[in-house]
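Visitor: Please show me the structure. Then let me ask about it piece by piece.

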Amino acid sequence: MSLQEPPARSSRTSRAPSQTASRVAEPAAPAPPTVRLKGFTRRFGDNVVIDSLDLTIAPGEFVALLGASGSGKTTLLRTLAGLDSAAGQDVTTPQARAVVFQDARLLPWKKVWRNIALGLDGAEVRARAQAALKEVGLGHRLDAWPATLSGGEAQRTALARALVREPALLLLDEPFAALDALTRLKMHDLVLSLWREHRPSVLLVTHDVDEAIALADRVLVLDKGKIAAEERIPLSRPRQVDAAFHAIRRRLLGKLGVEIASTQGATPSPGPHPGALIAFPIGVTVN
Ligand SMILES: Nc1ncnc2c1ncn2[C@@H]1O[C@H](COP(=O)(O)OP(=O)(O)OP(=O)(O)O)[C@@H](O)[C@H]1O
Ligand SMILES: [Mg+2]
């Protein structure tokens, strides 16, 4: 998305104020949120997992969701994905949604491109699958069987399967948790470049505080069924693990009940490779 420059003012033409005013466009109203939940509650029997939760996600916004195990992150994500009924509740989501889970969930008896094309019709589905695979760097694995993919390749295939649906809302439930640290860094770069290109709203569930800060515009902490903390991340991308990063990390960890020594990370550590999104150490993970 590019912001349009306002039209340049010409020094040679001057108009009467009333004329000028009639030509000045009204400022555009802010776009409605992609996601809106108001007072959303989800319980299983007596167990109130989500408790009157309010949440909005703006178009193109990248939100990360942290929270202890069992705090309801997946429950919330499943609701937003339409996998769990929200009947009778004030929940607004777009029709075009896609989810990537921790495991790629590829059907082993279908070739990679058919996994991506699952549920799509039209003569050009193979070409669409190929284009999506190319975007995740796997254009050459179109006819591969899922069993022959590495863990990282399988997750990239899952991302391609999500992308091909052109989602307005991309839901990611710990999609990198099972990957090694370097593959995870590469996936961070990939997700950010896909997000820049396609601009969906994103909700990323993660246990990794650094991942959340490295990627998101806004980080939320879910606790006792409510948003217990919210941090806007004002750092420009690609993000360096600098003092500002550490300050945000300390605050979020505090909200998650983890105290770290105030001296930790005062000096940024050298990165694993020049293109890496963030420098080591990565992955302060809270379960
Ligand atoms: N279908 C279900 N029936 C009963 N209880 C459920 C169901 N799904 C989730 N729960 C309960 O809801 C709570 C939240 O689960 P959820 O999977 O949303 O947690 P989470 O934050 O994603 O945890 P984790 O970080 O371990 O993935 C848990 O106590 C879980 O046992
Ligand atoms: Mg979960």
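## A tour in questions

The largest share of the shell around ligand 1, three residues, comes from helix H2. This is a predicted model, where local features need pLDDT of at least 70, side-chain atom pairs count only at pLDDT 80 or more, and totals for chains, interfaces and linings use all residues. Residues are numbered from 1 along each chain as its sequence is written, while chains are lettered from A and ligands numbered from 1 in the order in which they are written.

Visitor: Which elements give two or more residues to the shell around ligand 1?

Guide: Helices (H or I, at least four residues) and strands (E, at least two) are DSSP runs, numbered from the N terminus. A residue is near the ligand if its C-beta atom, placed from the backbone, lies within 6 Å of it. The residues around ligand 1 include Asn-47, Val-49, Lys-73 and Thr-74. The elements asked for are strand S2 (47-57) and helix H2 (73-81).

Visitor: How far does helix H6 reach from its first C-alpha to its last?

Guide: H6 covers residues 181-198 and has 18 residues. The expected span is 1.5 Å times one less than the number of residues. H6 comes close to the expected 26 Å, with a reach of 26 Å.

Visitor: Ser-52 is not a glycine, so what is its positive phi? Is Ser-52 buried or exposed?

Guide: Ser-52 sits in strand S2. Its phi is about 50°. Because 12 other C-beta atoms lie within 10 Å, Ser-52 is exposed.

Visitor: Where does Pro-238 lie?

Guide: A cis peptide bond joins Arg-237 and Pro-238, with omega about 0°. Pro-238 lies in the loop between strand S9 (226-232) and helix H8 (243-255).

Visitor: What pLDDT does the chain average?

Guide: pLDDT is the predictor's confidence in each residue, from 0 to 100. At least 70 is scored by 82% of the residues. Over residues 1-21, the pLDDT is below 50. The chain average is 86.

Conventions. Two residues are in contact if their C-beta atoms, placed from the backbone, lie within 7 Å. A residue is buried if 20 or more other C-beta atoms lie within 10 Å of its own, exposed if 12 or fewer, and partly exposed in between; C-beta atoms are placed from the backbone.
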